[in-house]
Amino acid sequence: MSPLRRTLAAVAALLTLTAATACGSDAEAAGQTTTLRYQGSVGQVTLPELAADLGYLGDVRLDWIGNVTGGPADIQATATGQSDFGGAFNGAIVKLVAAGAPITAVVSYYGSDAQTFQGYYVLQDSPVRGPRDLIGRKVGMNTLGAHAEAVLKTWLARGGLTPVEIARVELVALPPVNTEQSLRARQIDVAVLGGVIRDKAVVNGGVRTVFTDHELLGAFSAGVYVFRDDFLRRNPDTVRAFVGGVGRAIEWARTQPRETVVARLEQIIAKRGRNEDPALVRYWKSNGVAGRGGVITDREFSTWIDWLADAGELKGDRPKPGDVYTNDYNPFATGGGAQ
């Protein structure tokens, strides 16, 4: 059974238990939950973690249940009730919603801009220069079916490759912290590197860019946090506090000196005591979120809805952006959120 089919089967089981889940414990019956289970990332600080440390979440508390290496796995955990919220590339959100998962996107949390982007890197002596050079070669990325794959295939298609030729480009899933090493060991031909991991690889030298998502698509928000629809119905104030806090953290990081943000991220890693190396956050430059406070726009979903539909990866009617996300919980959508 495919990962998506397993996810949908679990979602179906979750839906049959919705009534029982809605009742929950006596405490839940008396009010909304104020504790949110989530998955983090090794050696990095998520925006909710930053928001919590800055005191922007109010009474909402985060409950870390482990780490995840890719967005699709994170939102699948949310869809099946293993976590309360998760984040992933917008195209992965579209595919899961189109397949029937009861989730809704509420706030953007990462994107690409001139400072922070995903690049497709090769070793300095690599013969890979353009799209056709990738046929028969291996491309390493953090997870399949998400941002890196969608951008790569968009670039290949715009470069004139046919679907058959694109299928001959081999995609390899690798943990982000191991991707640079795999490229230098020539286990892969191209490495997809983003954010602080990319900056660290560039500083180490010996690599060059083939293209970047920012060059291909311009500045855009690329990923969102989602909640299950039943959770939204039961806990609207909690979600509103979460979204507003994440939005404030986005703007705090956008307006502070870089050194201030990096110092705060290092302090968070040290305080949480997970035996992590803080080296990655020292390369932080921006979150890349386009909209103020993480406000979501139609374009950030319509781009990937159209691409997935044209690629034949959506079954049935293509969803509309408004079917996938809402800004109703985001105070920045109506000019607030700055306090």
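Author: Let's start with Asp 189, which forms a salt bridge with Arg 137, the closest N and O atoms being 3.8 Å apart. (A salt bridge here means a side-chain nitrogen of Lys or Arg within 4 Å of a carboxyl oxygen of Asp or Glu.) This pair links distant parts of the chain, 52 residues apart: Asp 189 sits in the loop between α9 (176-184) and β8 (190-194), and Arg 137 in the loop between β5 (118-123) and β6 (138-141). Helices (H or I, at least four residues) and strands (E, at least two) are DSSP runs, numbered from the N terminus. Asp 189 is partly exposed at 27% relative accessible area, and Arg 137 is partly exposed too, at 26%. For those words, buried is under 20% relative accessible area, exposed is over 50%, and partly exposed is in between (1.4 Å probe, protein chains only).

Keep in mind that this is a predicted model, where local features need pLDDT of at least 70 and side-chain atom pairs count only at pLDDT 80 or more, while totals for chains, interfaces and linings use all residues. Residues are numbered from 1 along each chain as its sequence is written, and side-chain values use heavy atoms, leaving out hydrogens and water.

Now for Arg 272, which pairs with Glu 49 in a salt bridge, with 3.0 Å between the closest N and O atoms. Arg 272 is buried at 18%, and Glu 49 is buried at 6%.
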